[in-house]
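Please look through the structure below before reading on.

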Amino acid sequence: MSERKIIGKMLYTQEDITKRAKEIAAEIDRDYEGEELILLGTLKGSIPWFTDILKYTTADTKIDFITASSYGSSMTSSGIVKITFDPQINMYNKHVLIIEDIIDTGNTLKYLKAKLEERGPKSVKVCAMLNKEPRRVADLHAEYVGFEIDDLFVIGYGLDYDQRFRGLPYISYLEPSDVESL
Ligand code: PRP
């Protein structure tokens with residue numbers, strides 16, 4: 001396999017992410033012991049982190065996915081969110097854990113949680129790979145967080161820049177000078 005050039009400035013390596021995913025999966029195992037659990041991945045960004053959590057947890061899981069799009073400027077979500085792909089799985093009286101790549105303003109998840117609560121689940125919690133707390137607008141708390149990050153433009157491990165770089169096996173961030181050479 002040919003050497004892959006690192007895009008942007010490295011933040012977390014595959015090893016860092018795997019280690020955190022295993023730690024969080026162990027917490028999930030403890031918290032949901034003896035319970036059925038629906039892992040609900042948000043498309044598209046959560047895919048790599050979702051598969052890590054799915055792989056490492058030993059909980060009795062079922063899976064489904066949801067897609068939300070938010071309207072407003074392209075750099076920040078507006079709080080006006082629409083579900084564009086709706087999960088079909090029955091959530092009534094079940095524990096649901098939303099697996100998210102990143103929480104920024106929190107608007108998307110606040111909306112999603114409220115909509116999912118209407119389906120009568122036993123609980124709805126959040127497991128986010130990254131939490132950008134400095135950018136939070138909505139009153140939203142994630143029960144499981146991989147890494148707390150500053151207000152950086154992050155790519156890789158599901159995160160995109162104009163739909164590119166989701167497949168990078170690490171998380172990095174872009175500075176204006178990096179963007180010029182992409
Ligand atoms: C990203 C991310 C969250 C949301 C976070 O999704 O996956 O869902 O933005 O932003 P917020 O906390 O400010 O609401 P995006 O709409 O970029 O879709 P993607 O998963 O397809 O990249």
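What follows describes the overall build and then some salt bridges.

The model is a predicted one, and its protein chain has 4 helices and 9 strands, which follow one another along the sequence in the pattern β-α-β-α-β-β-β-α-β-β-β-β-α. A compact globule of 182 residues would have a radius of gyration near 16 Å, and the protein chain, with 16 Å, agrees with this. Of these 182 residues, 43% count as buried, and among contacts between residues at least 6 apart in sequence, 67% join residues at least 24 apart. The accessible surface comes to about 9,700 Å², of which 50% belongs to carbon and sulfur atoms.

The chain carries 23 positive and 30 negative charges, whose mean positions are 3 Å apart. Side chains of opposite charge can pair when their charged atoms come close.

| Salt bridge | Closest N to O distance |
|---|---|
| E35 and K122 | 3.6 Å |
| E36 and K94 | 3.4 Å |

E35 forms a salt bridge with K122. E35 lies in the loop between α1 and β2 and K122 in the loop between α3 and β6, so the pair ties together parts that are 87 residues apart in sequence. E36 forms a salt bridge with K94. E36 lies in strand β2 and K94 in the loop between β4 and β5, so this pair ties together parts that are 58 residues apart in sequence.

K55 and D52, by contrast, both lie in helix α2, 3 residues apart, about one turn of the helix. K55 is exposed, with a relative accessible area of 54%, whereas D52 is buried, at 3%. Elsewhere, salt bridges that share partners join D104, K132, R135 and D151 into one network.

Definitions and conventions
Residues numbered from 1 in each chain as written. Predicted model: local features only at pLDDT ≥ 70, side-chain atom pairs only at ≥ 80, totals over all residues. Heavy atoms only, no water. Helix = DSSP H or I, 4+ residues; strand = E, 2+ residues; numbered from the N terminus. Rg over C-alpha atoms; globule rule 2.2 N^0.38 Å. Buried < 20%, exposed > 50% of the residue type's maximum accessible area, 1.4 Å probe, protein only. Contact = heavy atoms within 4.5 Å. Areas by Shrake-Rupley, 256 points an atom, 1.4 Å probe, with all protein chains shown as cover. Lys, Arg positive; Asp, Glu negative; His and termini not counted. Charge placed at Lys NZ, Arg CZ, Asp CG, Glu CD. Salt bridge = Lys/Arg side-chain N within 4 Å of Asp/Glu carboxyl O.
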